[in-house]
Amino acid sequence: MTRPFRPGERVVLADSKGRRYLLALSEGGSFHSHTGIVEHEAVLGCEEGITVRSTTGARYTAMRPTLADFVVQMPRGAQVIYPKDLGAILMLADVHPGVRVLEAGVGSGALSLALVRAGAEVVGYEVRADFAERARANVAAFLGEEAVASRYRVEAADVYAGIAERGLDSIVLDLPEPWQVVKHAESALRPGGILVAYTPSVLQVAHLREVLATSSFELAETVEFLARTWHVEGQAVRPDHRMVAHTGFLTSARLLGPVPGGLKPARTPR
Ligand code: SAH
């Protein structure tokens, strides 16, 4: 099946060093860089994978952006969750087509994109109206208006004040005080439902875990994922000298159903 590039589509131009530039194609448009100019016309009507040259002869390969390409280059207000953590969140929250997920706060919509693309029906709570609008625009830009209309809704709501939804499969949090959401999550999730919180600071982890320990959640776990890229050139095969050494910690837990005898530990007989 052939699918040539059309005006309005996004394309990634990758140079010979692997640097990537994301742009929206337009008739008469041009891409300017230190290596000169690439006219959009050189890409329009061509198949993905085509190589074009700039006015100084530099080589660029044109490809459709992956979700990872898009989230690191899309317009953002708030800091986004990076692809390595987005992938992990989809597994931890067991996201698959048809699951109902609450996300808060929504920020720039990077996590929303990952959730919606994995097939979830997503309700987002976001206190900042401008961020909610940006997130909606970003999700629509990459996944289309139809995906937004059918499976993505953002509400201007403070999740610390409560959650209106019931019977959710999972709740994914990226905000400063996730522990404030634990009580609301107990009523909003179905039994067995999953809570996942992304937090940059270990103090946030400690506080959240303390609150989870006295809640109806079980199987609490905290994990961090480090992605170390490698330099591979001939015999020089070693880790890159620089890495993004820290993004955030991921804490997950599952909601219990009714517990016979209540949550307090049974008194041990003498
Ligand atoms: N995960 C997002 C980034 C979220 S940034 C992404 O990948 O793009 C954190 C967001 O939480 C901010 O936009 C902030 O406005 C929002 N926020 C903070 N407290 C909130 C609350 N109590 N309820 C809802 N949103 C909140």
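I take strands as DSSP runs of E of at least two residues, numbered from the N terminus, and I count two of them as paired if DSSP finds at least two bridges between them.

I am working on a predicted model, in which local features need pLDDT of at least 70 and side-chain atom pairs count only at pLDDT 80 or more, while totals for chains, interfaces and linings use all residues. Residues are numbered from 1 along each chain as its sequence is written, and side-chain values use heavy atoms, with hydrogens and water left out.

**Hairpin**

I looked up the hairpin of strand 13 and strand 14, where two residues lie between the strands and Gly234 takes a positive phi near 60 degrees. Strand 13 (residues 230-233) runs antiparallel to strand 14 (residues 236-239), with four bridges pairing them. Opposite Trp230 I found Pro239, in strand 14.

**Ligand**

I then listed the residues around the ligand (a heavy atom within 4 Å), and found 23 of them, with Glu126, Phe131, Asp158, Val159 and Asp174 the closest. Sorted by class, this shell holds 14 nonpolar, five polar and four charged residues; in that scheme Ala, Val, Leu, Ile, Met, Phe, Trp, Tyr, Cys and Pro are nonpolar, Asp, Glu, Lys and Arg are charged, and the others, Gly among them, are polar.

For polar contacts (pairs of N or O atoms within 3.5 Å), I noted a polar side-chain atom of Asp158 at 2.7 Å from a ligand nitrogen. A backbone N or O atom of Val127 is 3.4 Å from a nitrogen atom of the ligand, and a polar backbone atom of Ser108 is 3.2 Å from a ligand oxygen.

Key. Polar contact = N/O pair within 3.5 Å; in protein donor to acceptor, adjacent residues only side chain to side chain.
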